[in-house]
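Please find below a short note on the structure under review.

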Amino acid sequence: MTSLMPHRLIAAAMWAGFIALDFTACGPFMISQPLVCGPLFGWLMGQVAVGVIIGGIIQLLWMDLSPIGVGIPYDATSTTILAIYWATLPSGPQAVPDHSALSQVVLALLIAVPFGFLFRWLDQMARRINTIIMHQVDRVPDEHLALGLWGGIVIGIAWSWIRYTLAYALLFWAGRIAWMRLAYSPRLTPMDQGLTMAVLLLPVAGMGVTLELFLSDDPEGRWAPWRATKPTKNGDRRA
């Protein structure tokens with residue numbers, strides 16, 4: 001296992017960095033949507049079913065997230081990729097990943113959720129660096145402006161891919177160490193049963209979120225409960 005894991009980690013990080021480009025760097029071509037990148041990355045990890053489960057759950061829970069304009073939302077793509085990688089790690093001495101239990105899938109998903117906020121912060125930092133790159137392009141003489149623009153675009157995309165790849169590689173490696181401690185045994189413990197039940201409950205919660213998007217007048221308000229409320233003419237308070 002030790003001889004195969006570094007190669008698997010590096011290859012996974014490189015593919016994850018490529019998929020993540022679609023989120024804010026180049027696109028969107030919808031590849032970064034959890035329902036698409038989940039099965040795709042699961043196939044790369046050798047377990048398509050795990051990718052379908054994790055990608056489907058995250059897509060339902062965060063269906064309305066999209067980088068529009070200057071806003072950078074919660075990064076559901078990174079949550080999907082990290083959860084799939086950790087859920088498909090070998091839990092035994094064998095070098096080939098075994099079939100992931102449903103409880104392990106949910107456990108990996110719970111661990112990966114906070115990192116969506118971390119990647120959002122990294123994207124915000126990257127946007128500032130991209131702004132600096134474009135300021136340098138502005139200094140290019142007019143006769144070389146087209147070449148400078150293409151150079152700035154290529155540098156920006158390459159920088160984003162390297163940044164994503166390094167971030168994923170670091171988290172894959174750190175998460176693998178923690179995962180070997182959390183992939184508990186034996187099975188059929190109360191915690192294992194509770195996590196397995198969550199596989200049924202999370203899609204139900206996701207369907208509730210999806211219905212809210214279609215029925216609510218202000219679905220974005222659920223992501224900003226801390227916003228100040230303003231009284232309306234009818235006396236109600238709304239965001």
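1. Overall composition. The model is a predicted one. The protein chain contains 8 helices and 2 strands, and along the sequence these follow the order α-α-α-α-α-α-α-α-β-β. The chain has 239 residues, of which 39% count as buried. Among contacts in the protein chain with a separation of 6 or more, 73% come from residues 24 or more positions apart.

2. The buried face of α2. Which residues of helix α2 are buried? In this helix, which spans residues 34-44, they are Pro34, Cys37, Gly38, Phe41 and Gly42. Viewed down the axis of α2, the buried residues fall within an arc of 130 degrees, so they line one face of the helix. Just after α2, Gly46 adopts a positive phi of about 90 degrees.

3. Packing of α2 on α3. The axes of α2 and α3 are 7 Å apart, and the two helices pack at an angle of about 160 degrees. Because angles over 145 degrees count as roughly antiparallel, α2 is roughly antiparallel to α3. Their crossing is right-handed. On the α2 side the contact involves Pro34, Leu35, Gly38, Pro39, Gly42 and Trp43; on the α3 side it involves Val48, Gly51, Val52, Gly55, Gly56, Ile58 and Gln59. By class, the residues of this contact of α2 with α3 divide into 7 nonpolar, 6 polar and no charged. Pro34, Gly38 and Gly42 are among the buried residues of α2, and these residues are also among those that meet α3.

4. Packing of α3 on α4. Helix α3 covers residues 48-61, and its axis comes within 10 Å of that of α4, with a crossing angle of roughly 150 degrees. This makes α3 roughly antiparallel to α4. The crossing of α3 and α4 is right-handed. Val50, Gly51, Ile54, Gly55 and Ile58 of α3 meet Ala76, Thr79, Thr80, Ala83, Ile84 and Ala87 of α4. The contact of α3 with α4 has 7 nonpolar, 4 polar and no charged residues. Gly51, Gly55 and Ile58 of α3 take part in this contact and also in the contact with α2.

5. Packing of α4 on α5. At what angle do α4 and α5 pack? Helix α4 (residues 76-87) and helix α5 (residues 102-112) pack at about 140 degrees, with their axes 8 Å apart. That angle makes α4 oblique to α5. The crossing of α4 past α5 is right-handed. From α4 the contact draws on Thr79, Leu82, Ala83, Trp86 and Ala87, and from α5 on Gln104, Val105, Ala108, Leu109, Ile111 and Ala112. By class, the contact of α4 with α5 has 9 nonpolar, 2 polar and no charged residues. Thr79, Ala83 and Ala87 of α4 belong to this contact and also meet α3.

6. Val113. This residue is found in the loop between α5 and α6, the latter spanning residues 115-138. Is Val113 buried, partly exposed or exposed? With a relative accessibility of 23%, Val113 counts as partly exposed. Leaving aside residues up to four places away in sequence, Val113 touches Trp62, Tyr74 and Thr79. Val113 and Tyr74 lie 39 residues apart in sequence, with 9.8 Å between their C-alpha atoms.

7. Arg120. Arg120 lies in helix α6 and is partly exposed, with a relative accessible area of 32%. Apart from residues up to four places away in sequence, Arg120 touches Ile72, Pro73, Tyr74 and Asp75. The C-alpha atoms of Arg120 and Tyr74 are separated by 5.7 Å, although the two are 46 residues apart along the chain.

8. Asp192. Asp192 lies in helix α8, which comprises residues 190-215. Asp192 is buried, with a relative accessible area of 7%. Asp192 and Val106 are 86 residues apart in sequence and 9.7 Å apart in space, C-alpha to C-alpha.

Definitions and conventions
Residues are numbered from 1 along each chain as its sequence is written. This is a predicted model: local features need pLDDT of at least 70, side-chain atom pairs count only at pLDDT 80 or more; totals for chains, interfaces and linings use all residues. Side-chain values use heavy atoms; hydrogens and water are left out. Buried means under 20% relative accessible area, exposed over 50%, partly exposed in between (1.4 Å probe, protein chains only). Helices (H or I, at least four residues) and strands (E, at least two) are DSSP runs, numbered from the N terminus. The arc is that of the directions from the helix axis to the C-beta atoms. Axes are lines fitted to C-alpha atoms, for helices over the stretch in contact, and angles run from 0 to 180 degrees between N-to-C directions. Angles under 35 degrees count as roughly parallel, over 145 as roughly antiparallel, 65 to 115 as roughly perpendicular and the rest as oblique. A crossing is left-handed if the near helix is turned anticlockwise from the far one by less than a right angle, and right-handed if clockwise. Contact means heavy atoms within 4.5 Å. Ala, Val, Leu, Ile, Met, Phe, Trp, Tyr, Cys and Pro count as nonpolar, Asp, Glu, Lys and Arg as charged, and the others, Gly among them, as polar.
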